[in-house]
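Dear colleague,

I am handing over the structure below, and after it I set out what was found. Please read the notes with the structure open beside them.

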Amino acid sequence: MDYISIKNNGCIPLTSIPELEYEKFLASNVFELMSETPNHCVNYYGFPDNGKIRLICCIANDETHLIHVSSTVVVPGVQYSSFTAHNLAFERFEREIHENFDIAYHNHPWLKPVRYAANRVEKTKTIANYPFYSIASEELHEVGVGPIHAGIIEPGHFRFICNGEQILHLEIQLGYQHRGIEKLFLEKKTLLQRTILAESITGDTVVGHTTAFANLWESMCEFKPECDLQFSRTLALELERIAVHTGDLSGMCTDIAYQLGSSVFGRLRTPIINYFQQWCGNRVSKSLIRAGKSNFPFTQSLASTLTEVFDKYEPDFNEMCAELFRMPSALSRFEKTGVVSEADIRKIGTVGLSARMNGVNRDIRLSHPHDFYHEIQHQPIVKHHGDVYSRAQMRRQEIGQSMGYIRNLMKDLPDINTNRPELESPQPNVFGISLVEGWRGEICHCAITDEKGDLRHYKIKDPSFHNWLALAIAVRNNEISDFPISNKSFDFSYSGHDL
Amino acid sequence: MLNNLKILYHQGKQYIPDVTKAKVPGIFRGRPVISAEKVDEEKLLTICPTGAIQSSPVSIDLGKCTFCGECAFAFPRKIRFTTDYKIATNDRNKLIIHQGQDVPVELDPALIRKEIQDMFNGSLKLRQVSAGGDNSCELELNACSNVNFDMGRFGIEFVASPRHADGIVITGPISENMAEPLQICYDATPDPKIIILAGVDAISGGIFAGSPALNRKFLENNKIDLYVPGNPIHPLTFINGVLELIRQRNG
């Protein structure tokens with residue numbers, strides 16, 4: 001076989017991953033696997049192996065619930081044929097491999113640095129002299145925004161090429177948030193330190209990333225999480241979705257200058273994140289998810305409190321939505337703004353909301369279920385216009401759906417296990433992969449252990465890594481004044497991308 | 001229009017009437033209290049993910065603490081986190097909570113420059129710079145200005161340009177790639193100006209301390225006017241800290 005097929009949260013000996021010749025590796029992944037519609041790339045990365053670089057490619061099949069993993073060995077400085085020349089979804093993955101390991105590709109469109117990582121090969125290249133695409137024309141002008149933006153948000157630089165008020169081209173340059181987090185996973189030796197790192201990948205998706213880490217760690221330790229752990233994680237994931245979606249609807253109202261919507265959605269987020277504080281002592285749910293245990297079991301009294309929170313939240317939320325979603329001045333800003341076609345979504349390989357916004361049903365909760373999603377029978381909400389309006393509608397409907405899931409889950413609380421065995425250390429020389437559907441989309445964590453069972457390599461992929469290009473495509477031919485609303489409607493992560 | 005008024009009516013009053021006395025819901029982990037209980041201190045030290053705990057006698061540095069609470073779970077009779085959210089101070093040493101100490105964390109008036117209360121009391125405009133922040137402190141700083149916490153009522157606001165600002169609020173451990181933009185932003189802010197560090201990552205680097213991808217030289221060269229601990233900061237910690245910094249003091 002050209003690849004080994006495993007399920008989500010599967011853990012296999014590293015040696016069981018087929019090692020192919022590079023040309024065969026390319027053909028198998030790009031021409032065979034990626035030519036089938038249900039398949040998409042969930043991770044593609046390299047790690048140092050005996051003085052060379054071993055590349056691991058993970059292609060997930062959304063219908064068979066399998067992840068096809070294969071590998072090859074490449075040598076720095078040698079020229080290879082790129083995946084990207086045949087499939088754009090690999091574009092950023094190959095740029096990262098080039099930046100970190102000096103693997104050269106003769107037919108990649110443009111091997112620009114992804115994030116000017118501390119562990120990059122070419123230290124002389126710095127973020128201040130990023131090679132932007134430019135067009136020499138007297139008719140056009142450039143607009144540079146960032147890295148520091150007008151509001152309280154993370155840093156990134158947007159370079160527009162405009163024809164008058166119209167955006168012709170946008171290039172998004174990231175890397176400002178790079179903290180070297182993947183390397184720190186290896187340097188920090190205790191499980192708690194690594195869990196704190198997972199919580200700090202991006203603070204708006206604490207549950208998503210920490211669940212991915214915990215599930216991955218447990219699978220490597222051959223620990224099967226009991227019902228109560230799985231229950232808490234599932235419930236927290238849906239709650240995080242509600243909180244962030246509500247905040248995003250507030251932000252979208254701000255960007256169309258609709259003060260009432262901005263205030264009401266903004267304040268509706270408060271009881272949800274305050275609930276996290278009641279549950280675990282932290283409004284963004286840091287400290288809630290722990291591998292192999294839970295410090296904050298979900299009790300009947302917590303369930304009653306959450307029911308009360310929802311009962312108060314729901315009428316206010318519905319009333320505000322009813323007004324926003326029929327107001328002509330709001331709809332005229334939402335509709336047909338920031339459109340991404342289904343064809344472009346498939347080409348770029350976006351995930352999560354940014355795929356479901358236009359006909360591409362990509363949702364880990366359905367395709368690679370983990371925790372309680374086996375029982376929920378999740379039906380993803382899919383829209384068909386790919387515009388700001390679709391993304392707003394999805395948030396509204398997903399909030400309703402998540403509340404329904406949580407209410408159903410709470411009808412039958414699992415018993416709390418108070419006598420859990422201590423986690424043993426991970427198995428030696430294994431490869432593990434964990435997929436989680438965060439509120440933005442698919443999160444993927446991959447780990448490899450050494451002969452002692454300690455971490456040898458840790459790889460994080462936030463959904464934003466796939467998705468940022470969609471924003472650059474969406475704003476083409478829009479007025480530049482519509483950029484903020486487009487940007488907010490996607491709400492991608494900077495820290496999750498930069499790591 | 002009528003619908004909008006109806007929504008307004010249904011929403012009623014949402015603001016916290018007195019942010020200096022508000023109670024936080026649930027089990028918030030604020031200022032810790034350390035008892036004299038004898039415990040295996042070596043074990044206690046190894047639990048802490050960021051080395052915030054020192055031994056004999058035990059102390060916790062809130063500038064390094066990620067408020068994960070694991071020490072209190074392991075040694076509940078030794079360490080207890082109270083719901084006291086007023087933990088911001090202008091003296092780095094005051095962030096260290098010692099064994100047996102159960103008093104509020106306060107600002108040292110002697111360290112507050114005279115122009116701060118002269119010029120910023122009643123009107124303080126801040127420019128926020130996220131320098132490797134994970135977006136949790138950023139979310140909470142945004143929340144400071146929402147209709148619940150309504151920091152704007154005190155004349156404290158976040159502004160879009162450093163040119164309009166009286167100071168900067170830094171979040172994140174300061175990544176190498178943000179070191180220069182941060183310096184440029186600070187230089188663009190007119191004098192007199194203040195610097196506030198918000199969150200454990202900004203104060204000490206937090207879990208990222210020592211990473212080669214950071215560049216924290218900015219902090220060596222500039223005086224810090226306020227440290228706001230938390231992971232992330234709580235809006236009430238931030239608002240109360242800033243109010244204490246700029247309030248009018250007699251004499």
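Two strands are said to pair if DSSP finds at least two bridges between them. The model is a predicted one, and in its chain A strand β10 (residues 157–163) pairs with β11(A) in the antiparallel sense over seven bridges. Within that pairing, A:F158 has A:I172 of β11(A) as its bridge partner. These two strands belong to an open sheet of three strands in chain A, ordered β9-β10-β11, with antiparallel pairing. Because β9 (141–145) and β11 (166–173) of chain A each have a single partner strand, they stand at the edges of the sheet, and one side of each is left without a neighbour there. On average, and with direction ignored, neighbouring strands of this sheet are turned by 20° against each other.

Strand β5 (residues 52–61) of chain A pairs with β6(A) in the antiparallel sense over nine bridges, and in β6(A) the bridge partner of A:I56 is A:S71. The hairpin of β5(A) and β6(A) has four residues between the strands, and in this hairpin A:H65 takes a positive phi near 65°. Strand β1 (residues 4–6) of chain A also runs antiparallel to β6(A), joined to it by three bridges, and here A:I6 has A:I67 of β6(A) as its bridge partner. Strand β3 (residues 19–20) of chain A, by contrast, pairs with β6(A) in the parallel sense over two bridges.

Turning to the contact between the chains, 47 residues come from chain A and 53 residues from chain B. On the side of chain A that touches chain B, the elements that give two or more residues are α4 (191–199), α7 (259–280) and α8 (300–324) of chain A. The one that gives the most to this side is α7(A), with nine residues. Sorted by class, this side of chain A has 20 nonpolar, 19 polar and eight charged residues.

In chain B, the domain assignment gives domain 1 (32–98) and domain 2 (109–246). The C-alpha centres of domain 1 and domain 2 of chain B lie 24 Å apart, and the contact between these domains takes 17 residues from domain 1 of chain B and 22 residues from domain 2 of chain B. By class, the side of domain 1 of chain B that touches domain 2 of chain B has eight nonpolar, five polar and four charged residues.

One helix of chain B also deserves a look. Which elements do the buried residues of α5(B) pack against? Helix α5 (residues 136–144) of chain B is mostly covered, with nine of its nine residues buried, and these include B:C137, B:E138, B:E140 and B:C144. The buried residues of α5(B) pack against β6 (124–130), β8 (167–171), β9 (194–198) and α9 (235–246) of chain B.

With best wishes

How values were computed. Residues numbered from 1 in each chain as written. Chains lettered and ligands numbered in written order. Predicted model: local features only at pLDDT ≥ 70, side-chain atom pairs only at ≥ 80, totals over all residues. Contact = placed C-beta atoms within 7 Å. Nonpolar A, V, L, I, M, F, W, Y, C, P; charged D, E, K, R; others polar. Axes fitted to C-alpha atoms, helices over the stretch in contact; angles between N-to-C directions. Domains from an automatic or database assignment. Buried ≥ 20, exposed ≤ 12 C-beta atoms within 10 Å, placed from the backbone.
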